[in-house]
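The following questions and answers examine a single chain, working from its overall contacts down to individual residues.

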Amino acid sequence: MRQNALLGLVAAASVLADPILVSTQNNSMVEGNVTFEEQSSGGLTWAANLTLLDAGLTTYDDCISADGKSIDLNWHVHVGRPTSDDAVGSECGATAGDPPVGGHYDPNYACGSSSNEQDTCTELNKTSSNGYTYDCNPSTYLSDPSVCEVGDYSGKFGAMKFMYSADNTTATAEASGSDPFGPTLSEITNMSIVFHCASPRLFCATMLASDDGNAAVKGAGLDLVLMMAVTISSLAFLM
Ligand SMILES: [Cu+2]
């Protein structure tokens, strides 16, 4: 009897474990990661903790903020994944990787110029030559999520701001957000996050289920189960 109750608690605890995806962006340009965590209430939260190792590269010249305090990079979920361990520059190109890194994840055909769904966008007449305008920014996204490609994170939340260190040698981004309309994690597992300075691709990494993250969540669940088991035993003892 008590065993059945415990099994029920174990099942409930594993349902509580929200899946986590991590894109670990450790390469010659950057260190850190971006995580996505699915919320049981729906949607997801994301968090970035990234440091540009050499903020003085001329590669960043076109994306220094107007106030000069940060390097502002665009970032998106692209449909494929890089094959190189040092995924920088052309390793993140549209035809590089396996499957190819490709364009932005756009299952609902919002059709920006870098959507991976260009053929369907053309069929739908959603191209600039047809007078179609892709209008995705944080405020249009909040009023109508369908205006943004699902993978267009800088469109949805603004550019990732890497703040210069005091001596300007490195730059760090610590940012997070909540995306109530976001994709499910199973949709975007094994896709990649690509960072751009304006248009050129700088670095990228595949989004993978987090062993550490899941272990931590499972660990917390187990603690909860043990705590409840002790409580039940105490109750049984009292009865
Ligand atoms: Cu991109």
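Q: Among contacts between residues at least 6 apart in sequence, what percentage join residues at least 24 apart?
A: The model is a predicted one. Its chain contains 239 residues, of which 33% are buried. Where contacts between residues at least 6 apart in sequence are considered, the share joining residues at least 24 apart is 57%.

Q: What is the average pLDDT of the chain, and which stretches have a pLDDT below 50?
A: The average for the chain is 85, and 80% of the residues score at least 70. One stretch below 50 has 10 contacts beyond near neighbours in sequence, namely residues 5-16. Another has 21 such contacts in the model, namely residues 213-239. Where pLDDT is low, predicted coordinates should not be read in detail.

Q: In what order do the strands of the closed barrel run?
A: The chain has 6 helices and 8 strands, arranged along the sequence as α-β-β-β-β-α-α-α-β-β-α-β-β-α. The closed barrel consists of 8 strands with antiparallel pairing, in the order β1-β2-β3-β6-β5-β4-β7-β8. From one strand to the next, the twist averages 20°.

Q: Which residue in β2 stands opposite Val22?
A: Strand β1 covers residues 20-24 and strand β2 covers residues 30-38; the two run antiparallel and are joined by 5 bridges. Opposite Val22, the residue in β2 is Thr35.

Q: How many residues of strand β7 are buried?
A: Strand β7 spans residues 192-196 and is mostly covered. On one side Ser192, Val194 and His196 are buried, and on the other Ile193 and Phe195 are buried, so that both faces are covered. The number of buried residues in β7 is 5 of 5.

Q: Which residue takes a positive phi in the hairpin of β7 and β8?
A: Most residues other than glycine have a negative phi. The hairpin of β7 and β8 has 4 residues between its strands, and a phi near 55° is found there at Ala198.

Q: Which residues of the largest nonpolar core touch the most other members?
A: The largest nonpolar core holds 42 residues. A second, separate core has 6 residues, including Ala110, Cys121, Tyr141 and Cys148. In the largest core, the residues touching the most other members are Leu73, Met160, Phe162, Ile193, Phe195, Phe203 and Cys204.

Q: With which residues is Phe162 in contact, leaving aside its neighbours within four places in sequence?
A: Phe162 is one of the residues that touch the most other members of the largest nonpolar core. Leaving aside neighbours within four places in sequence, its contacts are Leu50, Leu52, Ser70, Ile71, Leu73, Ala171, Thr172 and Ala173.

Q: Are Asn125 and Asn168 buried or exposed?
A: Asn125, in the loop between α2 and α3 (138-143), has a positive phi near 60°. Asn168, in the loop between β5 (160-164) and β6 (171-179), has a positive phi of about 65°. Asn125 has 11 C-beta neighbours inside 10 Å and Asn168 has 10. Because 12 or fewer is the cut-off, each counts as exposed.

Methods
Residues numbered from 1 in each chain as written. Predicted model: local features only at pLDDT ≥ 70, side-chain atom pairs only at ≥ 80, totals over all residues. pLDDT = per-residue confidence, 0-100. Contact = placed C-beta atoms within 7 Å. Pairing = 2+ DSSP bridges. Axes fitted to C-alpha atoms, helices over the stretch in contact; angles between N-to-C directions. Buried ≥ 20, exposed ≤ 12 C-beta atoms within 10 Å, placed from the backbone. Core = buried A, V, L, I, M, F, W, Y, C linked by C-beta atoms within 7 Å.
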